[in-house]
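Some labels used for a protein model rest on cut-offs.

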Amino acid sequence: MKRSRGRVVHIESVADLDHRLAGGARRLGSWRVHRLDLVGRAGELLARDVRGAAFLGCTFAPGDDDALSAAGALVLPDVNASPLDVYRPHLYTPDELFDRTPYSRSLDARTYAWAQRVPGRDDTLAAALHDHAIDEALAQFVSGRRIVGVMGGHALARDEPAYAEAARLGRALGQTLVVATGGGPGAMEAANLGGRLAALDVSALETALEILAEVPSYRPSIDAWASCARTAVAGQPEPTTTLGVPTWHYGHEPPNLFATAIAKYVRNATREAVLLEVCDAGIVFLPGAAGTVQEVFQDACENYYAEETSVAPMVLVGRRHWTRTVPTWPLLQALAKGRPMESRVHLVDTVDEAAALLAG
């Protein structure tokens with residue numbers, strides 16, 4: 001993933017713009033101005049050096065955008081075909097995606113409906129621009145952080161013992177690492193919950209699990225599922241940072257509300273590659289089906305060809321599942337044999353064993 005270079009200044013309000021201009025800013029090359037109404041403001045901007053500045057989805061008086069472009073600025077138009085801010089500088093928060101009730105009116109639901117349309121040229125452009133913006137925001141987020149991934153089945157219900165186990169794994173890993181998941185329900189939600197509560201006494205997690213068990217699934221009501229999640233963590237202190245990387249390709253499954261930062265992509269192929277790439281501290285694979293198996297071997301392929309110093313640990317939890325139910329382990333073990341990754345691939349029975357391998 002491409003990392004941002006230098007200090008970029010994101011300006012997202014007219015008040016911030018005016019404050020910076022009044023402060024005497026002369027060279028605006030590091031500025032990224034997002035979706036502001038700049039009608040009548042071009043003269044003030046052109047009085048400064050705008051070479052390298054970017055105006056993303058802003059509104060101008062006729063001819064002003066051309067004048068700024070001629071002066072060396074990058075002026076990109078809004079893409080009205082999409083409900084998304086295609087130039088957004090930050091990752092999402094749960095409140096941004098669940099911005100309206102009922103859920104069917106939320107940004108998340110509206111975007112899924114848009115993403116299911118037969119794509120036209122503007123739709124394709126909007127998707128590419130948005131996912132590039134998420135790439136840049138995610139690069140900033142992971143910089144200086146050690147990220148551990150937890151992959152697992154989306155169908156796991158909140159009242160199942162395996163859900164509580166995944167949450168305890170997230171809590172254990174979150175003590176020293178940032179927990180990242182695919183950002184959806186099931187095991188992903190559980191691991192994000194545990195990571196979010198990692199700094200609190202274990203009783204906080206136990207209480208949250210009791211509350212969540214009252215609404216085991218997002219079916220039949222996403223609204224009830226989301227409301228229960230908010231109740232489970234209401235009144236808690238500042239959460240520990242945790243990351244979700246979902247996709248609108250699977251938009252029928254809502255993103256979980258326990259990731260404090262959400263890198264949601266339109267394109268699933270981009271999301272899959274990025275999720276594995278950012279997990280530099282390794283990945284734990286909980287029992288899952290086709291999607292989790294795909295992630296196992298996608299990660300294995302990267303480790304197979306990686307330099308020894310770049311191999312990240314892989315920990316599969318559940319001997320019976322990975323050797324008999326879905327016999328992934330024998331093939332993984334065969335691929336790893338004699339490679340630098342061989343000593344970094346593990347099969348264990350419990351989440352405690354998995355945490356001990358990665359959280360130290």
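Helices here are DSSP runs of H or I that hold at least four residues, numbered from the N terminus. The model is a predicted one.

Q: How do you know that Arg20 and Asp16 are separated by about one helical turn?
A: Both belong to helix α1 (residues 14-22), where they are four residues apart, and therefore about one helical turn separates them.

Q: Why is the pairing of Arg20 and Asp16 called a salt bridge?
A: The label asks for a side-chain nitrogen of Lys or Arg within 4 Å of a carboxyl oxygen of Asp or Glu. For Arg20 and Asp16 the N to O distance is 3.2 Å, so the pair qualifies. Side chains of opposite charge can pair when their charged atoms come close. In total, the structure holds twelve salt bridges.

Q: What makes Arg20 partly exposed?
A: Partly exposed covers the range between buried, under 20%, and exposed, over 50%. Arg20 has 28% relative accessibility, so it counts as partly exposed.

Q: What makes the salt bridge between Arg35 and Asp85 a link between distant parts of the chain?
A: The side chains meet at 3.8 Å, N to O. Arg35 is in the loop between β2 and α2, while Asp85 is in the loop between β4 (74-76) and α4 (94-97), 50 residues apart.

Q: Is Asp85 buried or exposed?
A: Its relative accessible area is 19%, and buried means under 20%, so Asp85 is buried. Arg35, at 38%, is partly exposed.

Q: Which parts does the salt bridge of Arg110 and Asp99 tie together?
A: The closest N and O atoms of this pair are 4.0 Å apart. Arg110 lies in helix α5 (residues 107-115) and Asp99 in the loop between α4 and α5, so the bridge ties together parts eleven residues apart in sequence. Both residues are partly exposed, Arg110 with a relative accessible area of 28% and Asp99 with 37%.

Q: Why is Arg41 called buried?
A: Its relative accessible area is 15%, and the limit is under 20%, so the word applies to Arg41. Arg41 sits in the loop between β2 (31-34) and α2 (42-46). Leaving aside neighbours within four places in sequence, Arg41 is in contact with Val14, Leu17 and Asp18.

Q: How do you know that Ala137 is buried?
A: Ala137 has 6% relative accessibility, and buried means under 20%, so Ala137 counts as buried. Ala137 lies in helix α6 (residues 121-142). Beyond its neighbours within four places in sequence, Ala137 is in contact with Pro89, His90 and Leu91.

Definitions and conventions. Residues are numbered from 1 along each chain as its sequence is written. This is a predicted model: local features need pLDDT of at least 70, side-chain atom pairs count only at pLDDT 80 or more; totals for chains, interfaces and linings use all residues. Side-chain values use heavy atoms; hydrogens and water are left out. Helices (H or I, at least four residues) and strands (E, at least two) are DSSP runs, numbered from the N terminus. Buried means under 20% relative accessible area, exposed over 50%, partly exposed in between (1.4 Å probe, protein chains only). Contact means heavy atoms within 4.5 Å.
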